[in-house]
Amino acid sequence: MSNGENTNSEKSEVLQGTLDLMVLKVLDALGPLHGYGIARRIEQVSKQVLQLNEGTVYTSLLRLQQQGWIASNWGTSENNRKAKFYSITKSGRKQLARETENWERIAGVIGRLLRLEGQE
Amino acid sequence: MIHYLRVMAARFRGLLGDQRADRELDDEIKMHLCMLTERYVRQGMTEAEAARAARRQFGNLTLLQEASREMRGIRSIEILFQDLRYGVRMLRKEPGFTLVAVMTLALGIGANSAIFSVVNAVLLRPLPYTSPEQLVQVWEHYRPQNNPRKSVAPANYLDWRAQNRVFERIAAIDPFPSFNLTGPEGPDRIQAARTSADFFPLFGATPTLGRYFLSDEEQPGRNRVAVVSHGLWQRRYGSDPQLIGQSVSLNGQSFIVVGVLPPDFRFPRGEFDLAIPLALGGWEAAARGTHPLHVYARLKAGVTLRQAQEEMGAIARRLEEQYPKTNTGKAITIVPLHEQLTDQIRLALKVLLGAVGFVLLIACANVANLLLARSLARQKEFSVRLALGAGRGRLIRQLLTESVLLAGMGGIAGLLLALWSRQILVTLLTGANLIPRWIEIDIDGRVLVFTLMTTLVTGLVFGLAPALTAIKADLNEALKEGGRKATSGKRDQRLRHALVVSEIALAMVLLVGAGLMIQSFWRLLKVDPGFQTENVLTVDLSLPTARYPEGHQVSHFYDRLLRRIGSLPGVRSAGGAAYLPFSGTRNSWSFDIEGQPPLPPDRAETEWRPITAGYFRTMGIPLSRGRDFTEQDIDGSPEVVIINEAMARLYWPGEDPLGRRLKLHDERKKVWHTVVGVVKDVRHLGPTIEPKPEMYFPYSQLIYPWYPMTVVIRTQSDPLQLAPAVRQAVLELDKEQPVYNIRTMEELLAKSVAPNRLHLVLFGTLAAVALILAASGLYGVMNYWVTRRTQEIGIRMALGAQRSEVLRLVVGEGMGVTLVGVGLGLVGAYAVTRLMTSLLFGVSVTDPATFAAIALLLAAVALGACYLPARRATKVDPLLALRHE
């Protein structure tokens, strides 16, 4: 089969479904951003831990936009290019809160599980 | 839900602004890539390195574009058209493959559509009556003779009608009377029936003209009214609206026409041109020993079948107590009308539906094998496309689109096949009298939807295996390998063999079924009906009461007629009977035996046949003891009766029945008849039904000899040639007397085995198709096997293998597959043929001879299918094969 061809295999793949949450959080924290900016921000925060195909950011943006959680409009980027800026909507913030709580709950459970020691 | 709607709306918008959205995404991506490149350049890469790195960082561009379009909705339609276009191109590139696949599928789908069109018309479509689900037929259930559907005695019907509270209406029809209709329009022979006043309203039919019968017209004396069918009204009276109120002459009596039936009215059984009221009076109103009536009823709203059954059961028990002599052992059966009318064919249709399902599966396996071979050949194409970034799902989708496209073409061809076979089916079905003549078998919306669904499912079923196999291909390997490998595809081969094994097994099951039907039909034709069917002409006559009011006049007419016919050149002998074997008519009476207590209920009634002297001789029914009727056995001379051997065995076991006397329960003529002869048994009800006890009475000694009569004539050569002379003989005696139903006894025989013939033809055809498909499947697989192994065979031959050894290698491989299939098929057949039990006659469903013969047949055909590729293998040139490498 064709796996095992990546050289930097110590990086983790982005967990399925978590990218949307990251994008929402970035937009919530930093205000309107274009796709490139979002990718940079995720890269910065993940400190090279995550292996991100930046193209997938756009799939995520499209998905979020269809759900009505983010909105977009055209503007000019810092280096004077035409760029599409995305911003989080009110229902997006609600969704973010829900998802964050959800994530923390699951992360907590998994964390506790992984710390589990054998008991007599 | 609202959420879902919003997503849909977004997709819909996407659908409209598709191109703009595409451009916008492109712009975004371009900007993103530019900025990434700039960043890498800043980090010290060259322009080209930076661009490559940016691409890598960004990921699969094509996949992103496709994903985004797919998310926006329109993409799926676009993909569909793209795949269809591509599919059509692929199919046109290989016309041979396409033709074989489409024809195979057409057979499979067409057979299913054709049989489903019958199922649809017969079992699924509601009957053409108002609220047909409430309609039932009510029968007497005669427990002692284990006959749950016996037609009804008039007095019982009257009691049921008076006492029940579960039926909205309960109506009766006496289909027997047939009439000579005379008038200024000329004489006409028509089928008529007596119906109760409720009969037509029961079915919810509104008259085209006039009205139906009133309830007081059921009184004898007031019943001189008639309702005519729409057909007769058009045909004979030129659709004259003035017909209402006019009088017509039936059998010499005048009846006033009060109504015309609507054009679409269908009698549930039989076809009638005219109805008169069923006026039950006098002896008939009290008759419980004779059973002329068919009774139909409509359940009251909210009353279930079970409740009706319970109440009618209680009524039957009361009647048993009240009339022990006639009603002991008589319960009541209520059958939903739809079930009643389609009973005979229900099982056959289910079995056939299973059979066409098998044929379709075989066709699927065949086409799957073809596709499998093709997809292995296309391996390289798939690998390249995967390498260029196509998603695996996307490839599967494209392959499935191709399969469904193929299935669609097969479906269209199959539909044409179904349309073409429709007429044949209709002829076979109505000829076999298995369904009411008026049921219309056509390709309606439901059949179209069924065909569409079958086609789609078929396409997915036969397309899935090849599609999955294709994309499982190892990308790197396939690209590295220049061509095919001699050793590759072990798994594919197993799949292909499994498909062929299942084809052979399925074909085996169908062939065994067909084999059993052939066996049973053959045995059916060998059954001795108890009389000789060759060279017998039969002609129906009915003398009208008005012109022949007295019994002796009728006897006189027939005496003279038979003598006249007997003296015609080419005639050996002539006779007459009221109920002819194989004609579907019969009657039974209850009776007493002299010196014995009343007969127990299981023997109280026996089949009853009025005949003339000369009947036994003409039919070739041998006399085993005593004497035949003579022309001296007439009204006034001592009353006599002849019984058959079955009756002698049942009523006088181990005794001599000659000289014993019996008396019919007929209030009008209470006389003792002396048994003067015993004849051999006749299978009156058809070749599959065991002879029943029968008693024959001289026509001229009965109280009302104006029964319609069938004259039978044994001829020296082709009986139909005598028909004009017979008609002439009748007209010479009475120039107003029509004859009708001129048939030969062999026609009647053929008609009585028509259902079996129908099963045989349909099942045999399907089994033959299955055999051809399975054989061609095996041939295809073996052929492919040889192609794949050309090199191996070449090497073997180069190393000194003989042709015979090569032949054995290939044939051995093919027969191995065949034997597994035959083995599985035998097991399968053993398991399912029991469902056919009641469709067979005289042969066990697990008949070892049939199983063995079919296994041999299949093996022989398989041998042929393997031999051709094997011979090709022996012609392999070792040098060429090796150079192939």
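**Exercise 1. Work out how α6(B) and α15(B) are oriented to each other.**

Step 1: Find the two helices. α6 covers residues 95-124 of chain B, and α15 covers residues 392-431 of chain B.

Step 2: Get the angle. Their axes cross at roughly 45° and come within 6 Å.

Step 3: Look at who sits in the contact. Sorted by class, there are 16 nonpolar, seven polar and one charged residues where α6(B) meets α15(B).

**Exercise 2. Describe how α7(B) packs on α11(B), and name the residues that meet.**

Step 1: Start with the geometry. Helix α7 (residues 154-163) and helix α11 (residues 305-322), both of chain B, pack at about 130° with axes 11 Å apart. That angle makes α7(B) oblique to α11(B).

Step 2: Check the hand. α7(B) goes past α11(B) in a right-handed crossing.

Step 3: List the partners. From α7(B) come B:N156, B:D159, B:W160 and B:Q163; across from them in α11(B) sit B:M312, B:I315 and B:L319.

**Exercise 3. Decide whether B:V225 and B:A331 are buried, partly exposed or exposed.**

Step 1: Recall the cut-off. A residue is buried if 20 or more other C-beta atoms lie within 10 Å of its own, and exposed if 12 or fewer do.

Step 2: Take B:V225, which lies in strand β7 (residues 225-228) of chain B. It has 20 C-beta neighbours inside 10 Å, so it counts as buried. Setting aside residues up to four places away in sequence, B:V225 touches B:F213, B:E217, B:F255, B:I256, B:V258 and B:P277.

Step 3: Now B:A331, in strand β12 (residues 330-336) of chain B. Here 19 other C-beta atoms lie within 10 Å, so B:A331 is partly exposed. Beyond neighbours within four places in sequence, B:A331 is in contact with B:H141, B:R143, B:G313 and B:A316.

**Exercise 4. Sketch chain A and the side of it that touches chain B.**

Step 1: Count the elements. Chain A has four helices and four strands, and from the N terminus they run β-α-α-β-α-β-β-α.

Step 2: Check the burial. Of the 120 residues in chain A, 27% are buried.

Step 3: Turn to the contact between the chains. Chain A gives 17 residues and chain B gives 20. In chain A, the elements giving two or more residues are α2 (35-46), α3 (55-67) and β4 (82-88). The largest share, eight residues, comes from α3(A). By class, this side of chain A has four nonpolar, nine polar and four charged residues.

Step 4: The average pLDDT of chain A is 79, and 83% of the residues score at least 70. Over residues 1-9 of chain A, though, the pLDDT is below 50, and this stretch has three contacts in the model beyond near neighbours in sequence. Where pLDDT is low, the predicted coordinates should not be read in detail.

How values were computed
Residues are numbered from 1 along each chain as its sequence is written. Chains are lettered from A and ligands numbered from 1 in the order in which they are written. This is a predicted model: local features need pLDDT of at least 70, side-chain atom pairs count only at pLDDT 80 or more; totals for chains, interfaces and linings use all residues. Two residues are in contact if their C-beta atoms, placed from the backbone, lie within 7 Å. Ala, Val, Leu, Ile, Met, Phe, Trp, Tyr, Cys and Pro count as nonpolar, Asp, Glu, Lys and Arg as charged, and the others, Gly among them, as polar. Axes are lines fitted to C-alpha atoms, for helices over the stretch in contact, and angles run from 0 to 180 degrees between N-to-C directions. Angles under 35 degrees count as roughly parallel, over 145 as roughly antiparallel, 65 to 115 as roughly perpendicular and the rest as oblique. A crossing is left-handed if the near helix is turned anticlockwise from the far one by less than a right angle, and right-handed if clockwise. pLDDT is the predictor's confidence in each residue, from 0 to 100.
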